[in-house]
Amino acid sequence: MSEAETNNEYREQRLANLAALEEMGYPPYGAAFERTGSLAELRESFEEERPVSAAARLSTVRDMGKSIFADLRDGSDRFQVYVQKKAIGEDAFKAFKLLDLGDQVGVEGELFVTRTGEPTIKVSKWTLLSKAILPPPEKFHGLKDVEMRYRQRYLDLVGNPEVRELFNKRSALIREIRHYLAERGFIEVETPMLQSQAGGAAAKPFVTHYGALGSDVYMRIAPELYLKRLLVGGFDKVFELNRNFRNEGLDRTHNPEFTMLEIYEAFSDVNGMRELIQGMIIHVAETVFGTLSVGEGDTALDLTPPWREATYHELIREKMGDDWFDLSLEEARTKAEASGLDPDPAWDTLMVTHEVYEKTIEPALQQPTFVTRLPAQLVPLAKACPDDPSLVDVFELVIRGQEVAPAYTEMNDPIEQRRRFMEQAGDDATKIDQDFVTALEHGMPPAGGMGVGIDRLMMILSGAEAIRDVILFPQLKQKSE
RNA sequence: GGGCCGUUAGCUCAGUUGGCUAGAGCACUUGACUUUUAAUCAAGGGGUCCCGGGUUCGACCCCCGGACGGCCUACCA
């Protein structure tokens, strides 16, 4: 798609207009331009006969012969300008007619209200700021082609104001999260994205090569093991809000690079994390979206606290019957199959149970739910429940069927941690992060920790159906010739 | 990775049981118009019907292969 190179009538016409404007003394790519404010600010502070200047993209033109109405559009609003031949002179008027939709222009003039009640700038002088050589997308329907919307997101943003609004909200959400955590004494840190061991989760990493060291390095799949090192170092409230990379499939809820917030608090535990995340999500819902309810009808979401809390076992029993955990493997498998699942013959009871959870229970948890006390085998970096060593002291916050935030009372026993790593790595000591275990051996305080998928949180709060709708430039395949 | 669906003008979309010059709206060009706002009116130009191959007297349409996208599915702490 090299349409910039395509010779089409639009481009040629616009280049001809550019040349003509240049000839008339309008350099096509102007310099800084002093504006009274954004178009939204002009509208808010409207006052008749006030002299103002504005700069924005030309979005529609209504040519009446000796006068022209045109709309300017910027990231904030639309505003009408009125250009009169008599007012700006014959040459400037003639030149204005050489403008094309999409051109960036600056105008100076006086505010007034038209006969039909439209706030308008009566232009006394105009400046060309940037000539658009390619035409904008269709003005009424906007840009629909999803592929172009993602590949040329700038066109999506120009043509579809609701998209721009969504990304404004994403920015506000991130700002409010940082604000919320800073207010509670957390400091933001930056830990390596290039790691020699990709730890902290169990996903396939991207591998790249570091030439100067002559060795392969991995893009991080999680910052967890570095943040915990900082707990050892005495930072007692830390968070990192940045990208993780996972070399896995691409679908409606997965992008290979995604934004993760990880939070660790020394001397706290999973209960502290529960208070923190509930308060944080309510805070951003209120400040950014102005409401604790999202959507309507069957899928309406209500974030009013307190949120439901249920143990993993309770949810399983609720769905599969009180006797589920007394069943033999065969009986469990049969019952799972009766629920429409297809358990792998090699699986044990734990795996069959987890399949039931992931396929039938989690997706059905519409309202915010803290799922607690998960089987220890599923979570190697969490501490066991004091009353039951087969369970870990964790929660997974599920909203709208999606896992938004897993939180743990963190494992800080170096001996137990090494044992679990070895188990996970199939006893291959080269695959475990020895430096991390060494850090634990120096003594990590008891702590609560949590990861929050920011893209998914954004999807939930905005009602977006696909992760690529909340990521400015989602991963797409490269076009090959 | 597998299945289904889609790709027609710059954009948004019609359409053809396989037929002769492939349509509309916006956009563009020319003309008219000093309060319009998806301005209006008149005239006009614009197409590799995603790409490659096949069948056919004839393919945008049917068949095979491919690219890209969407949905579902699989994988994914």
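Of the 51 residues around RNA strand B in this predicted model, Glu9, Tyr10, Thr116, Glu147 and Gln424 come nearest; a residue is taken as near a molecule or strand if one of its heavy atoms lies within 4 Å of it. By class, this surface has 15 nonpolar, 16 polar and 20 charged residues (Ala, Val, Leu, Ile, Met, Phe, Trp, Tyr, Cys and Pro count as nonpolar, Asp, Glu, Lys and Arg as charged, and the others, Gly among them, as polar).

A polar side-chain atom of Glu9 lies 2.5 Å from a base nitrogen of RNA strand B, and a side-chain N or O atom of Glu118 is 3.4 Å from a base nitrogen. For Glu147, the partner is a sugar or linking oxygen of RNA strand B, at 2.2 Å from a polar side-chain atom. Two or more residues of the surface near RNA strand B come from each of α1 (9–23), β1 (51–63), β2 (67–73), β3 (78–84) and α5 (146–151). The largest share, five residues, is given by α5. Helices (H or I, at least four residues) and strands (E, at least two) are DSSP runs, numbered from the N terminus.

Strand β9 (residues 215–219) pairs with β7 (residues 194–195) in the antiparallel sense over two bridges, pairing being assigned if DSSP finds at least two bridges between two strands. Gln195 has Tyr218 of β9 as its bridge partner. Strand β8 (residues 207–210) also runs antiparallel to β9, with four bridges, and His209 stands opposite Asp216. The hairpin of β8 and β9 has four residues between the strands, and Gly214 takes a positive phi near 60°.

Helices α10 (residues 312–320) and α12 (residues 349–361) pack at about 75°, with axes 10 Å apart. Axes are lines fitted to C-alpha atoms, for helices over the stretch in contact, and angles run from 0 to 180 degrees between N-to-C directions. The two helices are therefore roughly perpendicular (65 to 115 degrees). Contact (heavy atoms within 4.5 Å) is made by Tyr312, Leu315, Ile316, Lys319 and Met320 of α10 and Thr353, His354, Val356, Tyr357, Thr360 and Ile361 of α12.

Residues are numbered from 1 along each chain as its sequence is written, and chains are lettered from A and ligands numbered from 1 in the order in which they are written. In this predicted model, local features need pLDDT of at least 70 and side-chain atom pairs count only at pLDDT 80 or more, while totals for chains, interfaces and linings use all residues; side-chain values use heavy atoms, with hydrogens and water left out.

Conventions: Parallel < 35°, antiparallel > 145°, perpendicular 65-115°, else oblique. Polar contact = N/O pair within 3.5 Å; in protein donor to acceptor, adjacent residues only side chain to side chain.
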